[in-house]
Amino acid sequence: MDDLEKAILILFDESGTVDSELKQKAKDYCDKIKEEKAICSVCIERLCFSSLVQVQFWCLQTLHEVIRVRYSSMSLDERFLIRKSVFSIACLGGFDDKSAGRVLEGPAFIKNKLAQVLVTLIYYEYPSIWSSVFVDFLSQLNKGAVVIDMFCRVLNALDEEVINLDHPRTPEELSVAARIKDAMRQQCVTQIVRAWYD
C-alpha cells in the first residue's frame, strides 16, 4: 500500500479513531495529487488494480470532478484514455477481466459512481465525439447480468444528471439534454427499448 492509498483510507475512515489533524493532512495530500497533470492516468491505474473500494470510489470521484472542471483543457489523448478505460471497465473489458469484474461486482455506490463518470463523458462527447456510445454498450450486453446492470445504471444516471427536468437546469444544460435526446431518438432508442424487452 502506498501513500496515496493510505491517505484515501484515512480520508474515508469512519471508525472515529483517526484524529482530525491526520484526516486533514490526508485530505491535503489527496487534493495535492488531484492537481497533478497525470491525475487521470493515476486514477485509471488505481481503479483497475486496487481492490480497496475506498480507493476505487476516490478514483471515480476524482475522474468525475476532473472531467467536469478540466474537460475543455484536456488533450485529445487524455480524453481518449479516459473514454476507452472507463467504457472498457463498464463492459468487463478492463485492463484484464479481473480488474473490470472487481469494479462491476463491487458495491452499488461504486457502480453508480462509474455510471456518473460515463454520463459526464456523454454530456461532453455525445454525439459529436463519441457518437457510438449507446450502440457500443448495446453490443456488450451479451456479456451478462453485470454489464446489463451497468447499462441500466448509465441510463438512470443519464436521466437523473442530464435529462430529467425535475431539477432546475441552466440554459446550457437544457441545450445539452435536447442534443442528447435528439441524437438518441435518431440513433438508438428503438434498439434500447428492444434490449429492455429482451
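This is a predicted model: local features need pLDDT of at least 70, side-chain atom pairs count only at pLDDT 80 or more; totals for chains, interfaces and linings use all residues.
Helix α7 covers residues 108-125 and helix α9 covers residues 145-163; their spans, from first C-alpha to last, are set out below beside the expected values.

| Helix | Residues | Length | Span | Expected span |
|---|---|---|---|---|
| α7 | 108-125 | 18 residues | 25 Å | 26 Å |
| α9 | 145-163 | 19 residues | 25 Å | 27 Å |

The span of α7 is close to the value expected at 1.5 Å a residue, and that of α9 is likewise close to its expected value. Of the 18 residues of α7, 14 are buried, so this helix is largely enclosed by the rest of the structure.

**Aromatic pairs**

Across the whole structure, a search finds eight aromatic pairs. In one of these, the ring centres of Phe-12 and Phe-57 are 5.9 Å apart and the ring planes stand at 85°, which is over the 60 degrees required, so the pair counts as edge-to-face. This pair links distant parts of the chain, since Phe-12 belongs to the loop between α1 (3-11) and α2 (20-34), whereas Phe-57 belongs to helix α4 (residues 53-70), 45 residues apart. The two partners fall into separate accessibility classes: Phe-12 has 28% relative accessibility and therefore counts as partly exposed, while Phe-57, at 18%, counts as buried.

A further pair is formed by Phe-137 and Phe-151, whose ring centres lie 5.1 Å apart with the planes at 50°, so that the pair is classed as tilted. Because Phe-137 lies in helix α8 (residues 133-138) and Phe-151 in helix α9, the pair ties together parts that are 14 residues apart in sequence.

**Two individual residues**

Gln-56 is part of helix α4, and with a relative accessibility of 1% it counts as buried, because the cut-off for that class is under 20%. When residues up to four places away in sequence are not counted, Gln-56 touches Leu-47, Ser-50, Ser-51, Arg-102, Val-103 and Ile-110.

Ile-10, by comparison, lies in helix α1 and has a relative accessible area of 21%, so it is classed as partly exposed. With neighbours within four places in sequence left aside, Ile-10 is in contact with Val-18, Leu-22, Lys-23 and Ala-26. The C-alpha atom of Ile-10 is separated by 37 Å from that of Asp-166, a residue 156 places apart from it along the chain.

**The largest pocket**

The largest pocket has a volume of about 240 Å³. Its lining includes Arg-68, Gln-116, Val-119, Thr-120, Tyr-123 and Tyr-124, together with Glu-160, Glu-161, Val-162, Arg-169, Glu-172 and Glu-173. The elements that each give two or more residues to this lining are α7, α9 and α10 (171-187), and the largest share, five residues, comes from α7.

Technical notes: Residues are numbered from 1 along each chain as its sequence is written. Side-chain values use heavy atoms; hydrogens and water are left out. Helices (H or I, at least four residues) and strands (E, at least two) are DSSP runs, numbered from the N terminus. The expected span of a helix is 1.5 Å times one less than its number of residues. Rings of Phe, Tyr and Trp (its six-membered ring) pair if their centres lie within 6.5 Å; planes under 30 degrees apart count as stacked, over 60 as edge-to-face and the rest as tilted. Buried means under 20% relative accessible area, exposed over 50%, partly exposed in between (1.4 Å probe, protein chains only). Contact means heavy atoms within 4.5 Å. On a 1 Å grid over the protein atoms alone, a cavity is a set of points where a 1.4 Å probe fits but cannot get out, and a pocket is an open set with protein on both sides within 12 Å along at least five of seven lines; lining residues have an atom within 4 Å of a point. Grid points are joined across faces, edges and corners, and a volume is the space filled by probe spheres set on the points.
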